[in-house]
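Me: I would like to learn how to read the features of this model. Please take me through them in turn.

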Amino acid sequence: MAFNISTTETINNSGVVNPQTVTNGICQIKNYTTTNSLSGQLGGSTDPSSSDGTSLITLAFTPLFATSKLFLFSNTISISEGTNAFDLGYVAAYVDNTRLQMSATPLENLSHWVGSLFCSWPSLSIIFNSWGNNTKNIDIRVGANNNNTPIYVNLNPDAAGQHPSAEINFTIMEIKQ
Amino acid sequence: MAFKVGNTEVFNDQGNLQTAGLFDGYILQCVSFTTQTNLSGTLGGASDPGSSDGTSYFSFQFTPLLSDSDLLLYSSNICVWENSDSNDVFYLAAYFDTTRISIVNAPVRDNNARSSLTRTYLALNKAFSSWGTSQKTIDIRIGSGNGTGSNMVVNTYLDTTYTPQHETPEISFTMIEYRKT
């Protein structure tokens, strides 16, 4: 038997407290893993939209509440270029056509690299508003500021030794407001 | 008086919410561990590293409250590099017992770096199933995916030209245990 206060189901028939009744705090955590490596002309632009670059992974997520905050974060994503045609690799996250964050970590001068062949290790860390309580795909896309240059993501093409299951991970926490 | 739904005790006599009443994502505990460890020298490693490959960078003990929860392990970024061209791919991995929780490489082109001096910035961000309610040690290990792991440097620099780096460069690891049904 569920436990109701007024019309609110506080505890369901399985005896689980309905997170709706929790005042504030984290009410959902999801973790995603990809072992994808990408190479080639992956596209991109200086102000990348949801159709620029290449999808690395999509994260299907269903918020519990339309009023929550969602916290998305990742570990580092390595990006390097094959020829000197761009200077900025990026990772960006989108819901529908809305860009949540773009990270590029342009922390090192081109002269740090042989032939100005750029490398970067961006990651994501952003809090944004829930879109409602339907399922949507958060699209994680990588690219460069010049869409014609070959780049490598989570890959060193010059050497052996990379683990075939080397991971990139993403976490989404839903924070009830 | 305890509160039950059917035979399931949702709240105990003291009014504490019991396991059965916890929804997915309910955070049970959150613990952070910090180290100022830096390493240099021959750290070993393998392309498919086991729990004895590479070098232990840091370890900490953790005791899950539940055997059916999920554990999220994440860290700050760890800078790993080499001071002579001995390796091409570095890794950061976490283990309990002989089980590998996660491995990351975050490699870039070896040929892009001057003198092929590889470097990378590694971090963990992985959820995995609780092993039970016993205390275990989580071992954070670093090594090279090829070569012998010689001339590797972790979380420090070796240049003595300038004033030593910040006295307390910290690397933090956080464990979050949360309900997973």
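Me: How many residues does the contact take from chain B and from chain A?

Reply: Two residues are in contact if their C-beta atoms, placed from the backbone, lie within 7 Å. Here the contact takes 43 residues from chain B and 41 residues from chain A. This is a predicted model: local features need pLDDT of at least 70, side-chain atom pairs count only at pLDDT 80 or more, and totals for chains, interfaces and linings use all residues. Residues are numbered from 1 along each chain as its sequence is written, with chains lettered from A and ligands numbered from 1 in the order in which they are written.

Me: Which elements give two or more residues to the side of chain B that touches chain A?

Reply: Strands are DSSP runs (E, at least two residues), numbered from the N terminus. On that side of chain B they are E2 (8–11), E9 (99–104), E10 (119–122) and E11 (125–129).

Me: How many strands and helices does chain A have?

Reply: Helices are DSSP runs too (H or I, at least four residues). Chain A has zero of them and 14 strands.

Me: What radius of gyration does chain A have?

Reply: The radius is taken over C-alpha atoms, and the globule rule is 2.2 Å times the number of residues to the power 0.38. For 177 residues a compact globule would come near 16 Å, but chain A has 20 Å. Its C-alpha atoms fill a box of roughly 70 × 35 × 25 Å, taken along the principal axes.
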